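Visitor: Could you zoom in on one helix for me and tell me how it sits in the fold, then follow its neighbours wherever they lead?

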Amino acid sequence: MGNPPWPLRLFRRSYRTPLSPFGTQTSGAVNFLARSLLRASQADLPHAASTTPAPQGPPSVTAGNRKFGRSPPGRYQVIEGIMSPVSDRYGKKGLVSARHRVAMAKLALETSDWIRVDPWESEQDTWTETVKVLRHHYNEALRAFQSKKEFTRNKHPMESSAGDSLSCQQPVLPELKLLCGADFLQTFKTPNLWKEEDIKEIVGKFGLVCISRAGSDPSQFIQESDLLSKFQHNIFLVREWIQNEVSATQIRSALCRGLSVKYLIPDSVIAYIVQHNVYTAESERRNEGHLLQPLRLQNPTINPLRD
Amino acid sequence: DPDRKTEVVLLACGSFNPITNMHLRLFELAKDYFHETGKYKVIKGIISPVGDAYKKKGLISANHRVTMAKLATKNSDWVEVDDWESCQSEWLETLKVLRYHHQKILSADVTNSLQDAVPITKLGRKRKQEPNRHEPIKKKNQSPVVKSVPQVKLLCGSDMLESFGVPNLWKLEDITEIVEKHGLVCISRAGNNVQKFIYESDILWRHKNNIHLVEEWITNDISSTKIRRALRRGQSIRYLVPDVVRAYIEKNRLYSPESEDRNAGVVLAPLQKYASDPKSSQALN
């Protein structure tokens, strides 16, 4: 395990999780996968809307933070999950307007008390590199963290309740990690899709949490890459034993054929899709023949039909 | 012509311990499949949880299993839960459950047909059987047409179909009647062995036209066993079962190492029943 420059007083509460897919959005290379990592009840998670004053230490609702894997048990606590739909400028085939994708994600996450949708990326005028999105959220977290530090410093220190993992003397800066599936990891190989320095920053500075299904093991892929193996201490592999491979592509395809997607995506999302007629044969043709934005940026002379 | 379509009721038997999104998907997949043939119309789905007398290891009380299934289907306008099987004090063969529901549908159908002849429209009754509200009015104006009888088909996954081969689990004559008189709808994953299994059985082969194979392209491996395992390990089952079911399980603390030990060492009811019956050890071929 790598040694972060700051004391890590974070606690892991569980190991692996079943996969919980929402196949309604396409967001570049990141599928929308929501996972619950809690072993303990939801009440253990610092609540964004919690009104009870926390004992010293922020019920940090800042940037998403996951760190688990084969590290020593009990070290980390996941405090938040953020879903960040890509901007329309990404230019992927079949990508419907961000307005819809954000709305659907919000509906899907209505019942979650720790995962939220952040529309910042989708609201940008241009497509934003993943690393920039990470930086943005990290900075937001830092800002919130610093203001909380000020806040607690100015108050009387409160009695910490017995055994509370957050009752540490110093509020700890949370870490932000990129959550993805094994297919995402593989895209690092795609020529011109990623800048090497970006990968380095994503994996080195932030960290990756990669969920893979039973039977597939991305560790080999990691070993085969000099860059990734250098930072393997910061890549957390989570095995998903309960296979549930609902891809957004399949959902859209089923919808266009008039087939049922009930129980694959939340009812509220299905209702929204029907009400707004989101996915049609026409929407599927959007961006057809266009190059993905990251590819376009890297090499503008590429044949636009290459995608 | 909607009247020419054969009406189908899908019956799913099983432990539903607990019910999962995968179970619910079976119904949706089967309905889409029949609809696409243009020849069938699925009018109802029935979930029939097995009774406690089945004695399967880890099987919790039928009350809970039925309640969870009902919670799960609250938002469905065509799938319902029937607790007749679960209320029986003894374990019942699947065929008996099929026959029961077949009979039930038939008598409801006869009542409906009789009502067609009567000028007074009793829409309430009709709506329960056929979700399409316009049909009753249409039928009223027609001279009585002999409509094909609704069929009740057993809905299952490939595991149930393949369990036909487990010695002493099924009576050969039951399997025969199921595929001959009722029909099977089997949902299986791409790359499965179901077709081969059917090929290797004379009985199944003979009635293969009544065995509908539906391929599930979206891999969905949410078995109840895995759900119970996750729960024992304190892992989340969110998004794998309907949220109301998850909440119910949590509130009632349903699954634990203790509950998993129920019926440990007890012989499964059908195995116990048929062990001495020469008919059941007949090979499927």
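Guide: Buried here means under 20% relative accessible area, exposed over 50%, and partly exposed in between (1.4 Å probe, protein chains only). This is a predicted model, where local features need pLDDT of at least 70 and side-chain atom pairs 80 or more, while totals for chains, interfaces and linings use all residues; side-chain values use heavy atoms, without hydrogens or water. Residues count from 1 along each chain as written, with chains lettered from A and ligands numbered from 1 in written order.

Take H2 of chain B, residues 62–72: B:Ala62, B:Arg65, B:Val66, B:Met68, B:Ala69 and B:Ala72 are buried there (helices, H or I, at least four residues, and strands, E, at least two, are DSSP runs numbered from the N terminus). These residues sit on the same side of H2(B) because they cover an arc of only 160° around the axis, taken from the directions from the axis to the C-beta atoms. Their cover includes H1 (21–37), S2 (40–49), S3 (79–81), H3 (84–87) and H12 (243–252) of chain B, going by contact, meaning heavy atoms within 4.5 Å.

Now follow H1(B): with 4 residues, H1(B) gives the most to the lining of the largest pocket. That pocket has a volume of about 1,200 Å³. Of its 46 lining residues, B:Cys13, B:Gly14, B:Lys56, B:Asp159 and B:Met160 are closest to the centre. Other elements giving two or more residues include S1 (6–14), S4 (151–157) and H7 (158–162) of chain B.

Methods. On a 1 Å grid over the protein atoms alone, a cavity is a set of points where a 1.4 Å probe fits but cannot get out, and a pocket is an open set with protein on both sides within 12 Å along at least five of seven lines; lining residues have an atom within 4 Å of a point. Grid points are joined across faces, edges and corners, and a volume is the space filled by probe spheres set on the points.
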